[in-house]
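Please look over the structure shown here, and then work through the questions and answers that follow.

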Amino acid sequence: MINLISEGMYYVDGKFLTKQDLIQQGLHDKELDEAYKGTMAYSILKNHNTAAQTAKGEGLKIKFDAMASHDITYVGIIQTAKASGLKKFPIPYVLTNCHNSLCAVGGTINEDDHVFGLSAAKKYGGIYVPPHQAVIHTYMRECMSGCGKMILGSDSHTRYGALGTMAMGEGGPELVKQLLNRTYDVKYPDVIAINLTGAPRKGVGPQDVALAIIGAVFKSGFVKNKVMEFVGDGIKNLPIEYRNGIDVMTTETTCLSSIWRTDDEEVRNYYFIHGRLEDYKEIKPAHIAYYDGVVEVDLSTIEPQIALPFHPSNVYNLKDVIENPEDILAKVEEEGNELLKNVQFKLLSKIHDGKVYVDQGVIAGCAGGTYDNIYEAAQILDGKNIGSGKFTLNVYPASTPTYEDLLEKGALTKLLRSGAIIKTCFCGPCFGAGDVPANNALSIRHSTRNFENREGSKPANGQIASVALMDSRSIAATAANGGVLTSALDIDYDATIPQAHFDTTIYANRVYKGYGKADENAELQYGPNIRDWPEQIELTDNIIVKLAAEINDPVTTTDELIPSGETSSYRSNPLKLAEFALSRKDPKYVERAKKIHSSEIERREGKLAKEYEDAIKLAKAKLNGTTSIGSGIFAIKPGDGSAREQAASCQRVLGGICNISREYATKRYRSNLINWGMFPFISEDTFKLDDIIIIENIKEKLMNNDLSFDAKIVRDGKVIDAHLKIDALTADEREIIKQGCLINYYKSQM
């Protein structure tokens, strides 16, 4: 089904060959050494790189063509940029409102953010998409993508590769850099070919293909921080929305970005339908292109998949779960309880008479809410019904033009008649701000993630629900069977999908398009919940770190570092949001961090707390110059999942000064730590909660580009030698940490 080739391969006229193959054909080493320039990724990166060269091992300085944020990220980004000297948006910047769309939570504060967003679009020259009009990534596909372009978004699922656009999701500070005419700095990435062959069977959808790939590559890190480049004859057998559905899920592989061949009529037709044919051009690899690895995917062998709790990589063939539920669900239940610890997770209770009964189905968001997914689900449910039991089905078209098209073609009528509920464009089900299941309920969703608690339950309060990811086609088949887990391969239906239509008047009537029309006299509109970032101090000569959290899970998601759904309304209020930090994983973290920070406040006032004074003496530390006290967390592999910068900034505003890990799950989380003035340490040593870690001369070493730091751990009256290191930092990154955060860095240059 899927085969991984870890050695470098050369793609020549549609075939993968080894170096030895090509040498035998008469090619020379020099030509082969330059073959990495033949990838699609290389040509796009080269056209956006402002550094001296684009080459293997070299640092790139990228400027993007456009950016996008939604309403739980754009307030903080604009506030940061404003504090750093922002005058106007230098590139098209789209502010969508698809996360905080429900305005009943927290009083006025969600709608206050929307008012702020529109005022910012008018003041700085932005594009404002009102609530319920479109999901962020659907709007960007429809209106902002372009072959050969690059787009940066403050949402991790910023992926438009199937439309010939290299897109990346990052934390807010990386967008701030673009707003201030700075660059996105990254080493030239490895490029992995995704070779698609064959054609999928009826009933197999894009989520099935995506989950199969994620299951094959995630745990080994096969594509981590690399570019996934889709090639192969199988691409021509995939409709464009099918490709979009696979592409958006590449985020869950932890890759850096993605790009697809566009040399066919599907992509051209997409741009024609959306009135932007000028944004189409053919993109394909050169005659010879070198790839650092290959993922071979035979589409004809892909079966319907299911990602069971609690990760998109926890993938099984749906058929196996249906035929052997006891063994598989028992295994997943055991793994889930080991992860959760504080609440009992029950999955075997979903089995009755050998069948698996689920409680809820959801088709939504950038992955599920596309025209094709919903239309085909409607065909499966045509003339059927979901029953009058506890099973529910909610469907969210991802944009109003998609909603209108499905309505006019009768697809939504078929769904409504089946018992499904049709809702407006909203990302809430993807992160626990809508359709939160009942306690111990199992929801099947065509959405992006199924991390523990992400669906909205609160284990600290004795609640637990769970999500399994599936394709909309098998969700519809399950719905037609009254909630009994069912594969779309077992349903006979008409899979013909008529040509989509895009009505441009919907956005023309509602979207504020202010790019290039900045009005410096316009006033930003602030609600009472919108607060400035607290000031941060510059790095001192030495630091003392006390660990406020110890997490030994194999992977720690950003949802565990700062929860998603219940915190959405407070993303514009840094101090209030920080009260939720690690609340799902370690409810006492905030209390500990605050206590450590109070010792730092006392230190600034000239008083050193006894525990730190004793630790310095015990370690015989020579702390010349200034020394500050900060909190830190230890986690094996933190930062999987969302791009949200608040996973780092919440630690920082509570006095955080570092993370210590074995490795970082994503580049974007590591970047968030750096941009908030925190050290992204790596170490193989053992660290425990309440350890006091003393690092001498850290500022001098940092500025001398020394990436290795000796430290002393004080634990239970003993001193333990430890060694910390940091992966390579750019000169700007070193200066940002020295200054205390990105805001300070830019202020120092004003």
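A pocket is an open set of grid points with protein on both sides within 12 Å along at least five of seven lines. The model is predicted.

Q: What volume does the largest pocket have?
A: Rolling a probe the size of a water molecule over the atoms shows where empty space is left. For the largest pocket, this space comes to a volume of about 800 Å³.

Q: Which residues lie closest to the centre of the largest pocket?
A: The lining of this pocket is made of 28 residues. Two or more of them come from each of β4 (59–62), β10 (184–187) and α25. The closest to the centre are Val186, Lys187, Lys667, Arg670 and Ala728.

Q: How many residues in the lining of the largest pocket are charged?
A: Asp, Glu, Lys and Arg count as charged. The lining of the largest pocket also has 9 nonpolar and 6 polar residues. The charged residues number 13.

Q: What volume does the largest cavity have?
A: In a cavity, a 1.4 Å probe fits but cannot get out. The structure holds 8 cavities of 30 Å³ or more. The space in the largest cavity is about 220 Å³.

Q: Which residues are closest to the centre of the largest cavity?
A: The lining of the largest cavity has 21 residues. By class, 7 are nonpolar, 9 polar and 5 charged. Closest to the centre are His70, His99, Asp155, His157 and Arg454.

Q: Which helices each supply at least two residues of the lining of the largest cavity?
A: The elements asked for here each give at least two residues to that lining. They are α6 (136–143) and α17 (428–431).

Q: Which residues line the second largest cavity?
A: The second largest cavity has a volume of about 70 Å³. Its lining has 3 nonpolar, 4 polar and 4 charged residues. The lining residues are Arg159, Gly169, Glu170, Tyr184, Asn225, Thr254, Cys255, Leu256, Thr666, Lys667 and Arg668.

Q: Are α7 and α25 roughly parallel or roughly perpendicular to each other?
A: Helix α7 (residues 172–179) and helix α25 (residues 667–675) have axes that come within 8 Å and cross at roughly 70 degrees. Angles of 65 to 115 degrees count as roughly perpendicular. The two helices, α7 and α25, are therefore roughly perpendicular.

Q: Which residues of α25 make the contact with α7?
A: On the side of α7, the contact is made by Gly172, Pro173, Glu174 and Lys177. The residues on both sides divide into 1 nonpolar, 4 polar and 2 charged. From α25 come Ser671, Asn672 and Asn675.

Q: Are α14 and α18 roughly parallel or roughly perpendicular to each other?
A: Helix α14 (residues 371–381) packs with helix α18 (residues 472–480) at an angle of about 25 degrees, the axes being 8 Å apart. Angles under 35 degrees count as roughly parallel. Helices α14 and α18 are therefore roughly parallel.

Q: How many residues in the contact of α14 with α18 are nonpolar?
A: The crossing of α14 and α18 is right-handed. Residues in the contact include Ala377, Ile380 and Leu381 of α14 and Ala476, Ala477, Ala479 and Ala480 of α18. By class there are 2 polar and 3 charged residues, and the nonpolar ones number 7.

Q: Which residues of α9 meet α8?
A: The axes of helix α8 (residues 206–217) and helix α9 (residues 240–248) come within 8 Å and cross at roughly 30 degrees, and the two helices are therefore roughly parallel. The contact has 5 nonpolar residues, 1 polar and no charged ones. Pro206, Val209 and Ala210 in α8 meet Tyr242, Gly245 and Ile246 in α9.

Q: Is the peptide bond from Pro309 to Phe310 cis or trans?
A: Most peptide bonds are trans. Phe310 sits in the loop between β16 (305–307) and β17 (315–317). With omega near 10 degrees, the bond from Pro309 to Phe310 is cis.

Q: What is phi of Leu582 near?
A: Most residues other than glycine have a negative phi. Leu582 is found in the loop between α21 (574–578) and α22 (589–604). Its phi is positive, near 55 degrees.

Conventions. Residues are numbered from 1 along each chain as its sequence is written. This is a predicted model: local features need pLDDT of at least 70, side-chain atom pairs count only at pLDDT 80 or more; totals for chains, interfaces and linings use all residues. Side-chain values use heavy atoms; hydrogens and water are left out. Axes are lines fitted to C-alpha atoms, for helices over the stretch in contact, and angles run from 0 to 180 degrees between N-to-C directions. Helices (H or I, at least four residues) and strands (E, at least two) are DSSP runs, numbered from the N terminus. Angles under 35 degrees count as roughly parallel, over 145 as roughly antiparallel, 65 to 115 as roughly perpendicular and the rest as oblique. Contact means heavy atoms within 4.5 Å. A crossing is left-handed if the near helix is turned anticlockwise from the far one by less than a right angle, and right-handed if clockwise. On a 1 Å grid over the protein atoms alone, a cavity is a set of points where a 1.4 Å probe fits but cannot get out, and a pocket is an open set with protein on both sides within 12 Å along at least five of seven lines; lining residues have an atom within 4 Å of a point. Grid points are joined across faces, edges and corners, and a volume is the space filled by probe spheres set on the points.
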